[in-house]
Amino acid sequence: MINFFDDLLDSLGQPEVTYDRYFWWPFRKEAIAHNKLLSHDVTGLRKETYFLGILSVTNNQSLASKLAEQALAHFLLKRSEFVVPNEVHRLLARLAQKYPLVAISNGNVDTDVIGISQYFSHILMAGKGNNK
């Protein structure tokens with residue numbers, strides 16, 4: 001994500017800034033201080049952290065909101081860029097034939113994208129209304 005933010009934000013503000021965890025940490029703490037419920041919604045927390053950090057660079061709420069959405073979409077896409085091994089698919093298929101399976105996630109992986117949604121009778125994801 002550092003390279004993503006370098007590309008996204010360097011032209012807008014402070015090119016000498018490194019958008020690493022040390023940059024984002026104070027904005028994460030600020031987001032939780034303003035909304036304690038975000039401590040249980042890692043995706044919502046990430047989005048608000050991105051918004052606050054980008055706002056500090058751009059000083060433009062509308063632009064910060066738009067770029068935070070783009071950053072979150074990029075993160076979620078990258079987070080789901082892996083292949084579930086065939087052995088796992090076979091195991092989940094066998095288990096789903098015998099038991100109702102429930103997936104519980106912090107919301108950072110899209111079970112449709114990684115191809116495992118069909119095995120679960122319920123998919124519970126952290127955050128507001130993110131259950132499938």
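How many residues of the lining of the largest pocket are nonpolar, how many polar and how many charged? The lining divides into eight nonpolar, two polar and two charged residues, where Ala, Val, Leu, Ile, Met, Phe, Trp, Tyr, Cys and Pro count as nonpolar, Asp, Glu, Lys and Arg as charged, and the others, Gly among them, as polar. The structure is a predicted model, in which local features need pLDDT of at least 70 and side-chain atom pairs count only at pLDDT 80 or more, while totals for chains, interfaces and linings use all residues. Residues are numbered from 1 along each chain as its sequence is written, and side-chain values use heavy atoms, with hydrogens and water left out.

The protein has five helices and two strands, both taken as DSSP runs numbered from the N terminus (helices H or I with at least four residues, strands E with at least two). Read from the N terminus, the order of these elements is α-α-α-α-α-β-β. The C-alpha trace spans about 55 × 30 × 25 Å along its principal axes. The radius of gyration, taken over C-alpha atoms, is 18 Å, whereas a compact globule of 132 residues would have a value near 14 Å; the globule rule is 2.2 Å times the number of residues to the power 0.38. Of the 132 residues, 36% count as buried, a word that here means under 20% relative accessible area, with exposed meaning over 50% and partly exposed in between (1.4 Å probe, protein chains only). Among contacts (heavy atoms within 4.5 Å) with a separation of 6 or more, 48% are between residues 24 or more positions apart.

The largest pocket holds about 250 Å³ of space. On a 1 Å grid over the protein atoms alone, a pocket is an open set of points where a 1.4 Å probe fits, with protein on both sides within 12 Å along at least five of seven lines, and lining residues have an atom within 4 Å of a point. Grid points are joined across faces, edges and corners, and the volume is the space filled by probe spheres set on the points. Among the lining residues are Met1, Phe5, Trp24, Arg28, Tyr50 and Asn108. Helices α1 (2–9), α2 (21–34) and α3 (42–58) each give two or more residues to this lining, and α3 provides the largest share, five residues.

Helix α3 also contains Thr43 and Thr58. Thr43 counts as buried because its relative accessibility is 11%, and so does Thr58 because its value is 17%. Leaving aside residues up to four places away in sequence, Thr43 touches Leu72, Leu76, Asn106, Gly107 and Asn108, while Thr58 is in contact with Leu12, Leu63 and Ala64.

Asn59 lies in the loop between α3 and α4 (61–79) and is exposed, with a relative accessible area of 71%. Although Asn59 is not a glycine, its phi is positive, about 55°. Tyr99 sits in the loop between α5 (86–98) and β1 and is partly exposed at 49%.

The strands complete the picture. Strands β1 (residues 102–105) and β2 run parallel, joined by four bridges; strands pair if DSSP finds at least two bridges between them. Ala103 has Ile123 of β2 as its bridge partner. In β2 (residues 122–125), Ile123 and Met125 form the covered face, and His122 and Leu124 the uncovered one.
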